Amino acid sequence: MGWNPETYNKFREERQAPFTDLLKLINRRENISVIDLGCGTGELTSILADALPGSRVLGIDNSAEMLSKAAAFSNYDLQFEQEGITEITESGKKFDLIFSNAALQWLDDHEKLIPDLIRMLNDGGQLAAQVPANHNHFTHFALNELAASDSYNQIFKGWTRKVNVLDIDAYAQILFENGGRNIIVFEKIYPHMLKDADAVFEWMSGTALIRFLDRLPESMHENFKEDYKKIIRGNYTTGPVFYPFRRIIFSAVFSKL
Ligand SMILES: C[S@@+](CC[C@H](N)C(=O)[O-])C[C@H]1O[C@@H](n2cnc3c(N)ncnc32)[C@H](O)[C@@H]1O
């Protein structure tokens, strides 16, 4: 089980809104080197590249499935590589802009990760990232509860999905302590109207559900999905469903001055 670009793209418009907010924070400079961490299908990376003419943009992702869609966007200035975010922080490579939309939440220990990313910046470089912060929503609690239920606990053995995302105050503090200036950190609700409970399930299938399915034998995937769908249907009996999606956006510039 891995990322499925088709499922992920079902809510393309909703997923693009925070990217657009993040893009607005980027200092427009020419001829810079850029990395997009967890670039996924590359569609948004190509919009980023278009906004930075003459720059060399590298999109990295560790999912071959997602990257298979990215090849269509590649050109002389925009390249994609299959690589992990942790590995790239250890590579010694440097960039003028480190960008990441909806990917860093998959990595733990942000107290270490963010400084590691900052160390990858050239002097005067910018770090700009968006991470979902929806872990207190019913849909996430329901996944953990289902995993802990009698039907699945023998597999999950008490495992629950760890929340890697920090509070906005913590991101601001880390950026400051690591020499950041022009610090911008905010949390925003993106109000989504989903058609019905099944649409909520589809939304979750594109992201958080993956972590649970990854831990289950394939023979149990359908049962787990059906049980999860039933819980969501029980909670949202009519449509449309208002789904407030909380996200954190942060950016800062780092120079040796
Ligand atoms: C929610 S998608 C976001 C994709 C893209 N940035 C966008 O906004 O459409 C998260 C992406 O992060 C990638 N990812 C998760 N953990 C990763 C890691 N440790 N290294 C590289 N990519 C990772 C996944 O493969 C997936 O493509």
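User: Where does Asn31 lie?
Analyst: In this predicted model, Asn31 lies in the loop that runs between helix α2 (12–24) and strand β1 (33–37).

User: And is Asn31 buried or exposed?
Analyst: Asn31 is exposed, because 10 other C-beta atoms lie within 10 Å, and the limit for calling a residue exposed is 12 or fewer.

User: What about phi of Asn31?
Analyst: Phi of Asn31 is near 55 degrees, which is a positive value in a residue other than glycine. Asn182, which is not a glycine either, has a positive phi of about 50 degrees.

User: Where is Asn182 found, then?
Analyst: Asn182 is found in strand β6, which covers residues 180–194. Asn182 counts as exposed, because it has 12 C-beta neighbours inside 10 Å.

User: Which residues does Val34 touch?
Analyst: Leaving aside residues up to four places away in sequence, Val34 touches Leu48, Leu52, Ser55, Arg56, Val57, Leu58, Phe95, Asp96, Leu97 and Phe99. Arg247, on the other hand, is 213 residues from Val34 along the chain, and the C-alpha atoms of the two are separated by 23 Å.

User: Which residues of helix α3 are buried?
Analyst: In helix α3 (residues 43–51), the buried residues are Leu44, Thr45, Ser46, Leu48 and Ala49. Leu48 is also one of the residues that Val34 touches.

User: What covers the buried residues of α3?
Analyst: The cover includes helix α2 together with strands β1, β2 (56–61), β3 (78–82) and β4 (95–101).

User: Where is Asn134?
Analyst: Asn134 has its place in the loop between strand β5 (121–132) and helix α7 (138–148). Asn134 is partly exposed, because 19 other C-beta atoms lie within 10 Å, whereas a buried residue needs 20 or more.

User: What does Asn134 touch?
Analyst: Not counting residues up to four places away in sequence, Asn134 touches His140, Phe245 and Arg246. Asn134 and Pro217, by contrast, are 83 residues apart in sequence and 27 Å apart in space, taken from C-alpha to C-alpha.

User: Now the helices: at what angle do α7 and α12 pack?
Analyst: The angle is about 140 degrees, and the axes of α7 and α12 are 10 Å apart. The two helices are therefore oblique to each other, and α7 passes α12 in a right-handed crossing.

User: Which residues meet there, between α7 and α12?
Analyst: Phe138, Thr139, Ala142, Leu143 and Leu146 in α7 meet Asp227, Tyr228, Ile231, Ile232 and Asn235 in α12. By class, this contact of α7 with α12 has seven nonpolar, two polar and one charged residues.

User: And how do the axes of α10 and α12 cross, at what angle?
Analyst: The axes of helix α10 (residues 197–205) and helix α12 (residues 221–235) cross at roughly 135 degrees and come within 8 Å. These helices are therefore also oblique to each other, and their crossing is right-handed.

User: Which residues of α10 and α12 meet?
Analyst: Ala197, Asp198, Val200 and Phe201 in α10 meet Tyr228, Lys229, Ile232 and Arg233 in α12. By class, the contact of α10 with α12 has five nonpolar, no polar and three charged residues. Tyr228 and Ile232 also take part in the contact of α12 with α7.

User: Last topic: which peptide bond is cis?
Analyst: The peptide bond from Gly239 to Pro240 is cis, with omega near -5 degrees. Pro240 lies in the loop between helix α12 and strand β7 (241–254).

How values were computed:
Residues are numbered from 1 along each chain as its sequence is written. This is a predicted model: local features need pLDDT of at least 70, side-chain atom pairs count only at pLDDT 80 or more; totals for chains, interfaces and linings use all residues. Helices (H or I, at least four residues) and strands (E, at least two) are DSSP runs, numbered from the N terminus. Two residues are in contact if their C-beta atoms, placed from the backbone, lie within 7 Å. Axes are lines fitted to C-alpha atoms, for helices over the stretch in contact, and angles run from 0 to 180 degrees between N-to-C directions. Angles under 35 degrees count as roughly parallel, over 145 as roughly antiparallel, 65 to 115 as roughly perpendicular and the rest as oblique. A crossing is left-handed if the near helix is turned anticlockwise from the far one by less than a right angle, and right-handed if clockwise. Ala, Val, Leu, Ile, Met, Phe, Trp, Tyr, Cys and Pro count as nonpolar, Asp, Glu, Lys and Arg as charged, and the others, Gly among them, as polar.
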